[in-house]
Amino acid sequence: MTDDLMKSSGSGDAGNSTHADEQRLYPKVRFRGFDESWRTEKLKNIGESFSGLSGKKSSDFGHGEAKYITYLNILNNPIIDTKLTDKIEIDNKQHLVKKGDIFFTISSETPQEVGLSSVLDTNLNECYLNSFSFGYRLKEISMFDNLFNSYNFRSPNFRRKMYILAQGISRYNISKKAVLNETICFPKISEQKQIGKLIKLMNSLLSLQQRKLELENKLKKQIAFYLYSFTLTPNFKHIEVKNKKLGDIVDISNGIMGDSQKKSGNFKLTRIETISNGKIDLSRTGYIDQVSDEKKFLEVGDILYSNINSLTHIGKNAIVKEKHLPLVHGINLFRLHITNNQITPNYLHGLLNLPKYKWWVKSHANPAVNQASINKTELSSLVIKYPDLDIQNQINNINYSVAQYWDIQYSKKESLCQLKQFLLQNLFI
């Protein structure tokens, strides 16, 4: 289907004409065979709004109760089907929702969630909309495709309009009148159906790839368990294991102060977010212009360790590789520098990510209101078990192969995400 896509022959800027009858609207990318200009209309001219109902939620379905479309249903789903679990006791039967209805959130703690929409793509009996949202019903439903609408009303261009309309400080609201005064662009329905099918296909591929990653992650953890318990192969039986405190294996040091929000400088400076995904992300660093202590430059094999974080994320770590350098060790992350030549950095990195070591750190951390911490003395007391270097290297090689395969699958997911974002930005106006 993507082979039929091409650059639009029209100009996406043509809509800047001052005369409405001269406006010619084209997306930047569209399917072959479509060359007509898109229409643009104010929402109030092609449909009408209706309010949601307030009422008492009920867990039992009985007399006078009905299914209930909630704020979270809209927030989490661009298109709503029959999977609705909330129910409500109602006093009247006004504003029953219908297939093709579009729902907008009207209040949220973040402006990104205000004006978010979902389309109902199924026929539901006795179903209503909650009062934290409002509904919108098109007058000529035959002119619109539900799949297309679900993505068009969530496209970057339309979401930008909703973001601008959001009003508030601690809580953001959006006016129904303001939404109805906004414009929406759309082509004829045959082109709508093509676009809807393509984005649906992209979503399906992304869901499959995400599921594959989740299964691969479980497999990776299971392999790690067998590797580090020396039960994966017969060769690993009767292995002599050494026990050492972490403080006897590594030098644990603090980083230097710097401006973690600085956008440029001579050297990149690590911060907590740098290792938030378990790897060193050079796009999430601060900067520093001068480093007075050369020892603050990280070396290949150093491990950055999260010692101040929420209890869920404390103990997260990442290993420094050649491609990351030069990189300066910033505050709020411990640096583990191996001083014992009997253990390899990759082996220690894998070991520290095992559930039992993560649990040990959480159980020895000092909890606070919004974060927990573990001090250098406490972390130094963690007992590490490791075999001789030959076994370590065998385990490292297996881990490397597993990690390489996982990275390939993750890259596929990232590529799909980028392609979907490109389509959302360029297939819609």
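The conversation below sets values against definitions.

Mentor: This is a predicted model, in which local features need pLDDT of at least 70 and side-chain atom pairs count only at pLDDT 80 or more, while totals for chains, interfaces and linings use all residues. Residues are numbered from 1 along each chain as its sequence is written, and side-chain values use heavy atoms, with hydrogens and water left out.

Trainee: How many helices and strands does the chain have?

Mentor: The chain has 11 helices and 28 strands. Helices (H or I, at least four residues) and strands (E, at least two) are DSSP runs, numbered from the N terminus.

Trainee: Why is phenylalanine 144 called buried?

Mentor: Buried means under 20% relative accessible area, exposed over 50%, and partly exposed in between, with a 1.4 Å probe and protein chains only. Phenylalanine 144 has a relative accessible area of 8%, so the residue is buried. Phenylalanine 186, at 3%, is buried as well. Of the 429 residues of the chain, 43% count as buried.

Trainee: What makes helix H8 mostly covered?

Mentor: Six of the eight residues of H8 (residues 345–352) are buried; among them are Tyr347, Leu348 and His349.

Trainee: Why is the pair of phenylalanine 144 and phenylalanine 186 called tilted?

Mentor: Rings of Phe, Tyr and Trp (its six-membered ring) pair if their centres lie within 6.5 Å; planes under 30 degrees apart count as stacked, over 60 as edge-to-face and the rest as tilted. The structure holds 10 aromatic pairs. In this one, the centres are 4.8 Å apart and the planes stand at 55°, and the pair is tilted. Phenylalanine 144 lies in the loop between strand S13 (133–138) and helix H3 (146–152) and phenylalanine 186 in strand S16 (residues 183–186), so the pair ties together parts that are 42 residues apart in sequence.

Trainee: Why is the pair of tryptophan 406 and tyrosine 410 called stacked?

Mentor: The ring centres of tryptophan 406 and tyrosine 410 are 5.4 Å apart and the planes lie at 15°, so this pair is stacked. Both residues belong to helix H11 (residues 389–426), where they are four residues apart, separated by about one helical turn. Tryptophan 406 counts as buried at 17% relative accessibility, whereas tyrosine 410, at 32%, counts as partly exposed.

Trainee: How do you know that the charged end of lysine 220 sits over the ring of tryptophan 406?

Mentor: A charge sits over a ring if NZ of Lys or CZ of Arg is within 6 Å of the ring centre and within 35 degrees of the ring normal. The charged end of lysine 220 sits over the ring of tryptophan 406, 4.4 Å from its centre.
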